[in-house]
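Hi everyone, thanks for coming. Please have a look at the structure on the screen, and then I'll walk you through it.

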Amino acid sequence: MLLDEPTTNLDTEHIERLEKDLRRWIESIVIVSHDRDFLDALCNKIWEVENGTVVEYKGNYSNYEEARALKIRQQESDYDHYVKKKKELERAIELKKKKAARATKNPNKKTDSDAKQMGTKPYFAKKQKKLDATANAIKTRMEQLHKVDKVDEVPPLKMNIVKADELGNRVIIRVNELTGKIKERLLWKPTTFHIRAGTKLAILGGNGTGKTTFIKNLCARVEGINVSNAVKIGYFSQNIDVLDETKTIIENVQQTSSQVEALIRTVLARLQFFGEDVYKPVQLLSGGERVKTAFAKIFLSDINTLVLDEPSNFLDVFAIKELESLLKEYQGTVIFVSHDRRFIHHIATQLLIIKNEEMELFDGNFSMYQQQMTSKKTSNHSERLLILETEITEIISRLSIQPDSKLEERLQQLLWEKKGLQKDK
Ligand SMILES: Nc1ncnc2c1ncn2[C@@H]1O[C@H](COP(=O)(O)OP(=O)(O)O)[C@@H](O)[C@H]1O
Ligand SMILES: [Mg+2]
C-alpha cells in the first residue's frame, strides 16, 4: 500500500485507528509522512531524500533520528579536521613560495661547491623548480582534501516578551459558563475554567468538535471569556496573507517587530533561514517556507500569548522540530491545536479536551492524559468482562435446566464479545 501523507487531516483518534489497522492488515507499506509517532509505529526502514539523493536508514523514525545525530556529530569533527589540515597546507605553500623566491636571488655565499661547479645560474634555477614542484604538490593535495561543509549552528533564544513582569504567572484568561454553539447546533455545554500566564495549552478534539470555534471565541473575547488587559494575542491560523509578497522575509518580520535584528536573525536561523536567505522576497518562497515566515512574523511581533491553529500541518519534520523547540523555550503563553501526538507531548503543560459535547481542562501533560485514558479503558474493560461472565454463568445454569434457542443465541453473542475483549487486552 502506498500512502501519501495519510494523517494530515485526521484527528488523533483516527490516526491511531489507522495505525492499528495498517499494522494488523497490511504487509508492505510505503508512507510519506511528517508524523513522527506514526512513522515510529509502522516503519522499519527510512528513506531520506536530500540534495537529490536517497539515503536509506534501518529501523523506525527514532532510529533514523539517532543515526542522523551521529552523522552530524561526525560532520562537525570532520569539519574541524578539514579546517586544521587546510591551514597547515596553506602555511606550507606560503613557506615553499618564500623559499623559492629567495632561491632566485643571487646568493651571498659563494662557498657552495655545487654552485662553483655548475655556475650559479643553472643551480638556482634547478632549486627553484624543485621548490615550485613541492608547492604545486601541496596545492594538489589541498585540492584533493575533501571539502567538508560547516554544520549550521542553532543559537539559543533569548527573548523578552511584552509585559512579562505584569503577567507573572497570574490568571490571564477566565472562561465562565461558556457554551459552544454554531447557529442552533451545540458544540459544547457550558464550561468554566481559567488559564495562567506561561501555560502551554493544547486543544484536543476530533474533527469538527469546535476547536477552531473556541479559538475564534477567545480572539473575539466573546461573552463568557474574560481576558486580562495585559494579554497581547498573536493568532496564527496558517493564514499567510499576513505576508507582503514583494518584501523580503526579514522586512516582513521587521514590519511588526520591535525586537533587535540579532534576535530576529536568530529566530529565522532556527527556522532554517540562514545568512543571505533572509533577503529572499516572499513571492519566491515555497509553501512551507511561507508558513515558517508567517510564524516568525507573529512570533516576533509585540505579543505575549500565541494562539496557533494546527501549525504543524504543512511543515516537514525538521520544521516541526524547530517550531517545537521555539515554542518550548518561549516565555509567553501558547494555546495551540494539534493532532501530532509527539508535538503535543513535547510542548503541552495542560490540555483542553472537547469530547461528547463537553469541554474540559486537564491539568497535566499529554503522557499523564494518555495514562489516565489507558487505565480508564482497562477498568471499563474489566468491568464489562465481569458483567459478561456473570450473565454467561447465569445463562448456562438456566440452559442446563431447559434448552432455549433464544438463550442459546444470546450465549453465543456473549461468548463472542468476551473473546474479543480478552484479545484486545
Ligand atoms: N460558519 C459556520 N456555519 C456553519 N457551521 C459551521 C461554521 N463554522 C463552523 N461550523 C461547524 O461547526 C463545527 C465545529 O467547527 P470547528 O470549530 O471549525 O471544528 P474543529 O474542531 O475541527 O476546529 C463543524 O461541524 C463545522 O462544520
Ligand atoms: Mg479547526
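Let me begin with how I name things: helices (H or I, at least four residues) and strands (E, at least two) are DSSP runs, numbered from the N terminus. What you see is a predicted model, in which local features need pLDDT of at least 70, side-chain atom pairs count only at pLDDT 80 or more, and totals for chains, interfaces and linings use all residues. Residues are numbered from 1 along each chain as its sequence is written, while chains are lettered from A and ligands numbered from 1 in the order in which they are written.

Let's start with one residue. Isoleucine 395 sits in helix H13, which covers residues 366–401. Is isoleucine 395 buried, exposed or partly exposed? The rule is that a residue is buried if 20 or more other C-beta atoms lie within 10 Å of its own, exposed if 12 or fewer, and partly exposed in between, with C-beta atoms placed from the backbone. Isoleucine 395 counts as partly exposed because it has 17 C-beta neighbours inside 10 Å. When I say that two residues touch, or are in contact, I mean that their C-beta atoms, placed from the backbone, lie within 7 Å. Not counting residues up to four places away in sequence, isoleucine 395 touches Leu407, Arg410 and Leu411. From isoleucine 395 to lysine 97 there are 298 residues in sequence and 103 Å in space, C-alpha to C-alpha.

Now to the sheets. Two strands pair if DSSP finds at least two bridges between them. One open sheet has six strands in the order S9-S10-S11-S7-S12-S13, with mixed pairing. Strand S9 (233–236) and S13 are at the edges with a single partner strand each, so one side of each has no neighbour in the sheet. From one strand to the next, the twist averages 15°; for angles like this, axes are lines fitted to C-alpha atoms, for helices over the stretch in contact, and angles run from 0 to 180 degrees between N-to-C directions. Helix H7 packs on this sheet, where it touches strand S7 (200–205), S9, strand S10 (305–309), strand S11 (333–337) and S12, and its direction makes about 150° with that of S10.

At one end of that order, S12 (residues 350–355) and S13 (residues 358–362) run antiparallel and are joined by five bridges. Leucine 351 has phenylalanine 362 as its bridge partner, and isoleucine 354 has methionine 359. The two strands form a hairpin with two residues between them, and asparagine 356 in the turn has a positive phi of about 45°.

There is also an open sheet of three strands, in the order S6-S5-S8, and its pairing is antiparallel. S6 and strand S8 (225–227) are its edges, each with a single partner strand, so one side of each is left without a neighbour in the sheet. S5 and S6 are joined by eight bridges, with isoleucine 173 opposite isoleucine 195 in S6. H7 packs here too, touching S5, S6 and S8, and its direction makes about 125° with that of S5.

Two residues in this region deserve a look. Most residues other than glycine have a negative phi. Glutamate 177, in strand S5 (residues 171–182), has a positive phi near 50°. Glutamate 177 counts as exposed because it has 10 C-beta neighbours inside 10 Å. Lysine 183 lies in the loop between S5 and strand S6 (185–196), and its phi is positive as well, near 55°. With 4 C-beta neighbours inside 10 Å, lysine 183 also counts as exposed.

What surrounds ligand 1? Its shell is Ile182, Leu187, Gly205, Asn207, Gly208, Thr209, Gly210, Lys211, Thr212 and Thr213, each with its C-beta atom, placed from the backbone, within 6 Å of the ligand. Helix H7 (residues 211–219) gives the largest share, three residues.

Finally, the inside. A nonpolar core is a set of buried Ala, Val, Leu, Ile, Met, Phe, Trp, Tyr and Cys residues joined through C-beta atoms within 7 Å. The largest one has 58 residues, of which Ala202, Ile203 and Leu268 touch the most other members. Helix H10 (residues 287–299) gives the most to this core, six residues. Apart from it lies another core of six residues, including Ile15, Phe38, Ile46 and Tyr64.
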